[in-house]
Amino acid sequence: SPLPKVAENMSTGQSHIKDIILLQSTFRGRLVRAKYKKLRVMNRIRQKIAFELLSSETQFVKRVHQVLKYSQPDFHSNLNTNESRTIFPPTLQILFNFNSIFLKDLQNLLNNWYPYLVLGKIFMDLASFLRVYSDYVTTVNEAIAAYHECFEHNPGFSGFVKSRYDTLRKTGEFLGEIPDLLITPIRRILHYELLIEELNKHTWYDHPDKSDIERALEKIKFAATTINKRQKESENMSKVYQIQQNLTGKFESLLSPHRRYLNEAQVQLLRKNNTLGSRYLFLFTDILLECKQRKDKFKVKYAHLLDSFTLLHPYSVTSHQVDKTFREKAINLEFKTGHQVTFVMNSKEEREKWDGNLQNAMGEFQSLRSSNESVRTRFGAKKEVDHDHHDPLEENKLGLWLSQNKFENFFERFKKEGFKCPTQLKSLSESDLKELGFSKMADRKDFLVAVKQIATNKTVLSEPPLPTHDLKRSSSIFFSIQQDMSTRRNEVPTARRQPGKFFLETVPEAPIDKEIVFECLCAYAKDKGLDQMILDDFSRKFEDFQNLGYSSNEALALSVRWLYTCDSWVYQQTNMLLRDDTVSLQGLAPYMNCLMKTYEQFKDDQSKYFVGTVYRRTRLSPKSISFYQPGLHFVWSSFTSTSAHFDEDSLFGDTLFVINIPTRFRWYALRMDDVSVCEHEKEVLLLPNVAFSVVSVTPGSSSKYANTETVIETQISYVCVT
């Protein structure tokens with residue numbers, strides 16, 4: 001090697017430029033070879049991880065596909081509709097569709113493997129889709145529980161399932177029993193995180209895929225954390241529901257969006273004569289249930305709000321003497337009335353755990369309550385302020401107003417609190433109504449809507465629906481869009497020459513804060529007997545957006561958009577009420593107004609709105625087409641789903657509406673793809689009762705728009721509600 005000689009010559013001060021260059025090139029060569037060797041090793045590991053991901057994804061898709069095979073019609077013959085939908089959540093089909101596409105894309109990429117292959121893009125798509133898993137995780141526990149329930153108590157179902165298992169085992173296609181397959185998507189999320197984290201470790205810093213993989217990994221970790229949180233919440237809600245099913249006695253439902261289960265224990269109630277009585281305690285985030293156990297049922301004796309008592313040290317008990325043998329295991333409660341209660345736990349360790357749980361829960365509950373002004377203090381303030389200003393002639397109107405609005409049962413309570421006329425009710429909040437005895441959510445919602453009419457000098461009239469000719473049904477148009485779009489595109493928006501009367505009187509003035517919006521949805525679902533699970537998802541989605549850094553108002557705006565895109569009763573009932581335009585609009589008016597006013601939270605974010613051309617296909621009769629003449633101004637009374645993408649292959653409708661949205665009206669065209677599960681639809685939602693003008697009607701086939709017989713070009717011309 002020339003290196004020792006070159007080094008010796010340089011150390012003696014001799015100038016050998018060629019030797020220096022040789023030394024540098026040799027050193028650099030060694031560095032490059034070492035780096036190349038390291039990159040070869042990293043590339044082999046990277047390739048191995050990618051193919052391991054491909055292999056596991058193939059198995060995952062097969063397992064999900066087998067669950068869907070189990071859900072075929074012959075399988076459902078032994079189940080009713082509710083049992084079938086519970087055991088096989090509709091989200092499974094969405095997961096299968098996406099992961100099948102993801103698997104195909106991954107296979108195509110890996111068929112042409114080379115060291116600088118870029119995988120980050122499909123991982124970014126995967127990370128964005130993982131929010132669907134968070135919807136699935138809230139249903140999987142209920143699905144597994146429903147399976148075990150049916151398997152145990154439905155002989156026809158269990159016999160059919162066993163025979164299907166045996167058939168699959170004989171053919172070698174058996175991949176697991178239904179509960180194991182249902183839990184597969186939850187395990188898959190953790191597997192994604194581990195594999196992509198390893199892939200990131202073995203992707204060198206200047207690789208073109210490095211930045212995308214890092215971003216995808218960050219998103220997947222966040223999604224995994226969120227999903228884990230939602231799974232725990234779902235399990236907690238299932239626990240609350242299970243406890244509710246086993247309770248007897250007079251007690252309101254435990255099921256509430258804010259309530260969480262914390263602890264439970266079999267304890268002894270220490271009486272004044274030092275005798276013991278059996279009790280069972282359930283601790284939640286806002287109440288302590290004191291029950292008496294009878295076999296597998298629990299009779300509620302008392303429900304204690306966590307701010308109705310304080311914890312005492314055992315030596316502070318004055319109502320009776322606590323025996324020394326109980327003192328270390330006792331929890332002592334002193335209520336505001338001065339009454340004291342002592343519960344004896346099974347051990348000192350259990351008592352310490354309960355003491356900590358109680359203190360934490362009481363502290364959090366008290367801070368939550370103290371953040372809102374006391375209802376009694378506010379009542380007192382109203383008495384002082386209103387005492388000299390109310391009209392004596394209105395004193396008798398309070399009872400009349402309550403009677404007209406079917407709240408006469410609360411007259412004595414209002415009178416006791418100092419209310420003398422209807423106008424004094426305007427500042428009451430939902431929490432006030434709870435304290436005044438409005439235990440039912442529907443009653444509180446109806447009361448707030450009625451009071452809103454006082455505040456705006458309007459009267460809620462219980463009028464019958466308008467006659468058909470008044471609603472201009474002759475000019476109705478029946479819309480459906482391409483078969484591959486979501487079902488909300490198949491609704492029937494109603495065309496009118498002007499907005500509906502009840503819409504103008506009710507919706508624009510409806511309150512739009514989160515609590516009222518949520519409660520109006522819950523009350524409507526309960527009144528109509530509709531599924532309320534989607535509302536739990538709505539509440540959790542609101543929390544998810546807050547966790548992403550959005551403010552409360554922004555999170556609400558995004559959540560109500562997301563709720564509309566869900567395949568549920570919400571969008572169906574919303575548009576039905578808007579089309580009918582009757583007093584029943586009150587039921588969902590807060591939700592409608594909140595969805596309409598989402599633009600107020602994102603006026604500077606152009607990505608939330610659409611400017612340009614959108615499309616909507618339908619099939620219209622010649623008579624219906626004749627309604628749309630150039631220069632005509634009309635409104636669509638319901639929310640209208642359109643698409644920013646024209647699908648020339650669609651054969652569903654031969655009439656196409658081409659709608660131009662000018663920049664100044666962008667706030668009335670909401671982009672929904674940023675919150676929708678089906679992002680590929682490129683949905684743009686047009687707000688109700690926005691006015692359009694017909695620009696042109698072109699009959700006959702169109703070369704520009706394939707598979708179309710009539711093209712009706714319109715544009716937003718003005719808005720009826722701001």
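This report describes a helix pair and a sheet in a predicted model.

Local features need pLDDT of at least 70, and side-chain atom pairs count only at pLDDT 80 or more, while totals for chains, interfaces and linings use all residues. Residues are numbered from 1 along each chain as its sequence is written, and side-chain values use heavy atoms, without hydrogens and water.

**The helix pair**

Helices (H or I, at least four residues) and strands (E, at least two) are DSSP runs, numbered from the N terminus. Helices α20 and α21 pack at about 165°, and their axes lie 10 Å apart. Axes are lines fitted to C-alpha atoms, for helices over the stretch in contact; angles run from 0 to 180 degrees between N-to-C directions. That angle makes α20 roughly antiparallel (over 145 degrees) to α21.

Contact means heavy atoms within 4.5 Å. The table lists the residues that meet.

| Helix | Range | Residues in contact |
|---|---|---|
| α20 | residues 514-528 | K514, V517, F518, L521, C522, A525 |
| α21 | residues 533-547 | L535, F538, S539, F542 |

By class, the contact of α20 with α21 has eight nonpolar, one polar and one charged residues. Ala, Val, Leu, Ile, Met, Phe, Trp, Tyr, Cys and Pro count as nonpolar; Asp, Glu, Lys and Arg as charged; the others, Gly among them, as polar.

**The sheet**

Eight strands form an open, mixed sheet in the order β1-β5-β4-β3-β2-β8-β7-β6. Two strands pair if DSSP finds at least two bridges between them. β1 (247-248) and β6 (309-312) are the edge strands, each pairing on one side only. Strands β4 (residues 287-294) and β5 (residues 297-305) run antiparallel, joined by eight bridges. I287 has L305 in β5 as its bridge partner.

Definitions and conventions. Angles under 35 degrees count as roughly parallel, over 145 as roughly antiparallel, 65 to 115 as roughly perpendicular and the rest as oblique.
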